Amino acid sequence: MTSRTIEFEKIVTAIAEMCEQAAHDLPEDVAQGIRDAYEAEKSPLARSILQKLIHNYEIAARERLPICQDTGFAVYFVEMGNSCSLDRGSVTEAITQGTAIGYKEGYLRASIVNDPLFDRINTKDNTPPIIHVETVPGNHLRIMLLPKGGGCENMSYLAMLKPSDGIEGLIRFVVDSIVLSEGNPCPPTVVGIGIGGTSDKAMTLAKKAHFRRPLRAPNPDPRYAELEQRLLQEINNSGVGSMGLGGTVTALAVHIENFPCHIASLPVAVNLNCHAARFAEVTL
């Protein structure tokens, strides 16, 4: 594999563009999911909400305006080839600088405070972002962005189930989490689930579940694909509905990521993404 050197400034520019793109343009698979939800929905109130969401997406794309005023905590998953390097600095520095430029030049809301408990002073450029870096074979750099709004991120859950709880215990925990969340994550949601690892790994897997595949793509493992469909049906049978006001469609999709775990453990994490399941990526 031929080694490559990637320019620091090229990453900065790409990240700045991604921040604006993610804020303005809903991915087509998500937009189609909302349109399909509108067709499937039986509640007149929920249909009215979904229709307004569709109209909002169209205005945002046409006028280059944020889909939502909460333009999110910038969360990145990075796949960095083991045969690529930067001409200077680090990928973390480049992504952070690009995020600051993208949010400031794009007039996107700055939502990050410098200390979670004491000062809580706005950093004014939406940094620092959350960055997960994974080394992979190759000489490419793939960067994926998920702007995570506060309403849906606050509705995150972790359960350290017993292995004996099994599939039924997992389903109860996930569905109970959705019902408990009510309208706070701005449903219809995309439900990310992490199963396995340790407590911190399960939470990361649940977030990573939003990055790995298109909305309609089934899990590559048929057992987990079947579980995703069963969970989606149970969640939509809960009646929470659009914005928590009742209806047929509470979630657009369920995506599961799994990892080996300890013989005594069954960690399960839930991470929700709102109807504006924003996403952008670039490969350099």
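Mentor: Let us begin with Pro128, which is found in the loop between helix H4 (91-105) and strand S4 (130-136); helices (H or I, at least four residues) and strands (E, at least two) are DSSP runs, numbered from the N terminus. The model is predicted, so that local features need pLDDT of at least 70, side-chain atom pairs count only at pLDDT 80 or more, and totals for chains, interfaces and linings use all residues. Residues are numbered from 1 along each chain as its sequence is written, and side-chain values use heavy atoms, with hydrogens and water left out.

Thr127 and Pro128 are joined by a cis peptide bond, whose omega is about 5°. A cis bond also leads from Pro187 to Pro188, with omega near 15°, and Pro188 sits in the loop between helix H6 (166-181) and strand S7 (189-197). Such places deserve a look because most peptide bonds are trans, and most residues other than glycine have a negative phi.

Turning to phi, Arg64 is not a glycine, yet its phi is positive, at about 55°. Arg64 belongs to the loop between helix H3 (44-63) and strand S2 (73-81), and it is partly exposed, with a relative accessible area of 40%; buried means under 20% relative accessible area, exposed over 50%, and partly exposed in between (1.4 Å probe, protein chains only). Met243, also a residue other than glycine, has a positive phi near 55°. Met243 lies in the loop between helix H8 (222-236) and strand S8 (251-261), and at 26% relative accessibility Met243 counts as partly exposed.
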